[in-house]
Each structure stands twice: as C-alpha cells, then as structure tokens.
Amino acid sequence: MDFGTMMNNTSTIMLILAALVFSVNIIVEVIKKVFAKIPTSLLAMIVSLVVTVVAFLAWAGFTSFAVMWYHIAGVLILGLFVAYAAMFGFDKFKQAFAKLKNYK
C-alpha cells in the first residue's frame with residue numbers, strides 16, 4: 001500500500017467516525033427526554049453501538065461484503081470509541097465554543 005492510498009483511507013475513516021459521532025449526538029439529544037430514567041451516558045453508549053453496527057451492516061449489504069464474526073467484534077469496539085467521543089467530545093466542544101464566544 002502506498003502512502004497516498006493510506007492517507008486516503010485514513011481520511012475516509014476519520015470522516016466516517018465524525019459522521020457516526022455527530023449522528024449519535026443528534027439522536028441522543030432528541031430521545032433523551034423520552035428515556036429520562038436512563039442515564040444519558042448509558043443512552044449514548046446504547047445508541048452508539050446500535051448506530052455503528054447498523055451503519056456497518058448497511059455498508060456491508062451495499063458493497064456485498066462478507067461479514068464475519070470478527071468484523072462485528074471490531075465494529076462493537078469501534079462503537080465504544082464512538083460512544084466515548086459522543087459523550088465527552090460534545091461537552092468539550094460546547095465548552096470551547098462558549099469560551100470562544102466570551103472571548104469576543
């Protein structure tokens with residue numbers, strides 16, 4: 001694999017992760033009022049796992065990719081990373097935006 005292909009794959013993966021984190025943030029913000037008894041962190045974890053697995057299975061079906069058990073295991077681990085970024089990244093982003101707004 002040459003360097004250009006590796007950089008293209010890396011940027012594609014980063015874009016997909018950002019889209020997954022953004023999707024999880026939006027979904028959790030919309031449905032957290034409905035599931036008020038569930039802690040928001042747990043809700044974000046569940047939503048991120050579901051969204052990540054569904055996105056992978058949709059991609060696999062679209063590209064006719066043969067899904068093996070270890071792909072699902074890897075996607076579940078990726079879902080945990082998405083959950084972490086969704087839980088802590090959005091709060092940090094809001095804090096940074098608020099500081100930027102107060103700075104002006």
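**Exercises on helix α2**

In this predicted model, the buried residues of α2 are Leu-43, Ala-44, Val-47, Ser-48, Val-51, Thr-52, Val-53, Phe-56 and Ala-60.

**Exercise 1.** Decide whether Ser-48 is buried or exposed, and find which residues it is in contact with beyond its neighbours within four places in sequence.

*Solution.* First place the residue: Ser-48 is found in helix α2. Next, compare its relative accessibility with the cut-off: buried means under 20%, and because Ser-48 has 0%, it counts as buried. Then look at its surroundings, where Ser-48 is in contact with Val-24, Gly-79, Val-82 and Ala-83, once its neighbours within four places in sequence are left aside. Finally, follow the side chain of Ser-48, which reaches the backbone oxygen of Met-45 at 2.9 Å.

**Exercise 2.** Describe the residue that follows α2, and decide whether Ser-64 is buried or exposed.

*Solution.* The residue that follows α2 is Ser-64, and it lies in the loop between α2 and α3 (69-103). Its phi is positive, about 60°, although Ser-64 is not a glycine. Most residues other than glycine have a negative phi. For the last step, exposed means over 50% relative accessible area, and because Ser-64 has 66% relative accessibility, it counts as exposed.

Conventions: Residues numbered from 1 in each chain as written. Predicted model: local features only at pLDDT ≥ 70, side-chain atom pairs only at ≥ 80, totals over all residues. Heavy atoms only, no water. Helix = DSSP H or I, 4+ residues; strand = E, 2+ residues; numbered from the N terminus. Buried < 20%, exposed > 50% of the residue type's maximum accessible area, 1.4 Å probe, protein only. Polar contact = N/O pair within 3.5 Å; in protein donor to acceptor, adjacent residues only side chain to side chain. Contact = heavy atoms within 4.5 Å.
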